[in-house]
Amino acid sequence: MKNYTAITTFILVGLTDDPNLKILLFIFLLLTYLLSVAGNLIIITLTLVDPHLKTPMYFFLRNFSILEVSFTTVCIPRFLYTMASGDNTVTYNACATQLFFVVILAVTEFFILTAMSYDRYVAICKPLHYTTIMNNMVCIKFLIGCYMIALIIVLPPFGMGFELEFCDSNVIDHFGCDAAPILKITCSDTEFLERFVLVLAVLTLLFTLVCVIMSYTYIIRTILRFPSAQQRKRAFSTCSSHIIVVSITYGTCIFIYIKPHAKEGVAINKVVSVLTTSVAPVMNPFIYTLRNKQVVQAFKDMIKRVASYFKGLK
């Protein structure tokens, strides 16, 4: 007979036991979190209030920034609380909730990036039909579709995860509730679940990556036909930021999640997970703003409006 004790709390190991390193890590994560939230909120605000940024490209960029803020907020504040308070316990329900939102937001990001690449394809390859093809209703349908497909992908394995049993340990070798370290400590047979998750992850990765590659293949072919170098440079500049973000997102995902067995160990993934949840969300606003003249100009205009408003109060 199986004699399993129902687990109600997990213990998070964290990243380090060194007190000095903990302080440095806390400061680093706090600063990157604040910068990430501030940077992405600026993009969200600019795309909402500036009339020059009312295009499909900035609609998707705004929603990508919302995903980035949500993703880092699901992970980092909880870890900061753990380091500050010393309370490294997390309830079963809280852990499941965090894991669900981490995965659903991450999967949705891939489909948003795919929608953004299609938007660039239409803008460059079919410029005369751009406003007709990428109208507001189409953009909203794309956005809803991204979330719906993510739910369809995530819910089946997540539901199977509730059947897992824990008997020997409730210590999660990570700073947050991640799938791999949880599978590592369960005493249930996880082979089918791991293979199922692997298949879903590979199919999601390949489908979105193929769509992105196809979009940019047509984009590059079209750009190379432009008569002047100035036109080619301008067209490439509108896509370069998206290509950089796609490369970072797919690269980290391949490293962390596409692997055959969770029980082989997750130690090195801790560092990469920190970079994914803290550094990447900081980089994305700078990548999109510093390389985009329209966003930079919109930011300058907003600063001028805010400054003139405060001058009027004096």
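Which side chain makes a polar contact with the side chain of Asp119? Keep that in mind as we go. One caution: this is a predicted model.

Let's find Asp119. This residue sits in helix 3, which covers residues 92-125. Buried or exposed? Asp119 is buried, because its relative accessibility is 1% and the cut-off for buried is under 20%. Now the partner. The side chain of Tyr130 makes the polar contact with the side chain of Asp119, at 2.6 Å. Set aside the neighbours within four places in sequence, and Asp119 is in contact with Pro56, Met57, Phe60, Tyr130 and Met134.

Next, the cysteines. How many disulfides are there? The count is one. Cys95 and Cys177 form the disulfide, with sulfur atoms 2.0 Å apart. The torsion about their S-S bond is about -125°, so this disulfide is left-handed. What does the pair tie together? Cys95 lies in helix 3, and Cys177 lies in the loop between strand 3 (171-172) and helix 6 (179-185), so the bond links parts that are 82 residues apart in sequence. Cys95 is buried, at 1% relative accessibility. Cys177 is buried as well, at 5%.

Now Cys125. This cysteine is in no disulfide. Its nearest cysteine sulfur belongs to Cys239, 8.8 Å away. Cys125 counts as partly exposed, at 23% relative accessibility.

Last, Cys146. Cys146 is buried, at 5% relative accessibility.

Definitions and conventions. Residues are numbered from 1 along each chain as its sequence is written. This is a predicted model: local features need pLDDT of at least 70, side-chain atom pairs count only at pLDDT 80 or more; totals for chains, interfaces and linings use all residues. Side-chain values use heavy atoms; hydrogens and water are left out. Helices (H or I, at least four residues) and strands (E, at least two) are DSSP runs, numbered from the N terminus. Buried means under 20% relative accessible area, exposed over 50%, partly exposed in between (1.4 Å probe, protein chains only). A polar contact is a pair of N or O atoms within 3.5 Å; within protein, one must be able to donate a hydrogen and the other to accept it, and residues adjacent in sequence count only if both atoms are side-chain atoms. Contact means heavy atoms within 4.5 Å. A disulfide is a pair of cysteine sulfur atoms within 2.5 Å.
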